[in-house]
Amino acid sequence: MSFPTDARENLIQAAIQGTKAYAYVRYSKFRVGAALLCADGTIIKGCNVENASYGGAICAERTAIVKAISEGKKDFVAMAVTTDVPTTIAPCGICRQVLREFCALDTPVLLVPADYPQEPSDAGSEGYLASTEGGVVAETVGSLLPASFGPEELERPRLPAELHGK
């Protein structure tokens, strides 16, 4: 799935400028910003919000998705994610599963380095994934979570309990 270059840049800038500044990272000091592009062109921003109980923390990617869903938006085109690290960082496992719930497998997930845009000689020099323009790594939901479990699996027919050992 592709989207226009100007929409890509707007999404990246929303993740960089509009979200990391608001991250509440009292414990980890690891700011993350995410921006979710909706099918209607709206960009929903998210940042990570930590909590003293640690388990109560929510990542930037999930913040953006929860905000979008709570505003009635359910059709997504792409997401951009950035941190303060000059190499790209992919979403955590929980965020990947939440993305899988609400996004198509071919939905682009742009991993943006903190020093975006990087010069071509710097792009991907320390990253673990192949970078594209400006050092951005373009993944998809499916590539970030291969062989994933999604909502459609819950619709599959099941064997009666007595046929598979109760």
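Which residues does Val-109 touch, not counting residues up to four places away in sequence? Val-109 touches Met-79, Val-81, Pro-91, Leu-99, Val-137, Ala-138, Glu-139, Thr-140, Val-141 and Leu-144, where contact means heavy atoms within 4.5 Å.

The views below show a predicted model, in which local features need pLDDT of at least 70, side-chain atom pairs count only at pLDDT 80 or more, and totals for chains, interfaces and linings use all residues. Residues are numbered from 1 along each chain as its sequence is written, and side-chain values use heavy atoms, with hydrogens and water left out.

View 1. Eight of the eight residues of strand E3 (residues 76-83) are buried, so the strand is largely enclosed by the rest of the structure. Buried means under 20% relative accessible area, with a 1.4 Å probe and protein chains only. Strands are DSSP runs (E) of at least two residues and helices are runs (H or I) of at least four, numbered from the N terminus. Strand E1 (residues 32-38) pairs with E3 in the antiparallel sense over seven bridges; pairing requires that DSSP finds at least two bridges between two strands. In this pair, Gly-33 stands opposite Thr-82. With strand E4 (residues 108-112), E3 pairs in the parallel sense over four bridges, and Met-79 stands opposite Val-109.

**View 2. The largest nonpolar core.** A nonpolar core is a set of buried Ala, Val, Leu, Ile, Met, Phe, Trp, Tyr and Cys residues joined through side-chain atoms within 4.5 Å. The largest one has 20 residues, of which Leu-36, Phe-76, Met-79, Val-81, Leu-99, Val-109 and Leu-111 touch the most other members. At least two residues of this core come from each of E1, H2, E3, E4 and helix H4 (141-144). A second, separate core of 16 residues includes Ile-12, Leu-37, Tyr-116 and Val-136.

**View 3. Glu-61 in helix H2.** Helix H2 (residues 60-70) contains Glu-61. Glu-61 is buried yet has no salt bridge, and the nearest side chain of opposite charge, Arg-62, is 6.4 Å away. A salt bridge is a side-chain nitrogen of Lys or Arg within 4 Å of a carboxyl oxygen of Asp or Glu. Apart from neighbours within four places in sequence, Glu-61 is in contact with Val-32, Ala-34, Met-79, Val-81, Pro-91 and Cys-95.

View 4. The buried residues of H2 are Ala-60, Glu-61, Arg-62, Thr-63, Ala-64, Ile-65 and Ala-68. Their cover includes E1, strand E2 (43-47), E3 and H3. Just after H2, Gly-72 takes a positive phi of about 85°.

Methods
Buried means under 20% relative accessible area, exposed over 50%, partly exposed in between (1.4 Å probe, protein chains only). Lys and Arg count as positive and Asp and Glu as negative; His and the chain ends are not counted.
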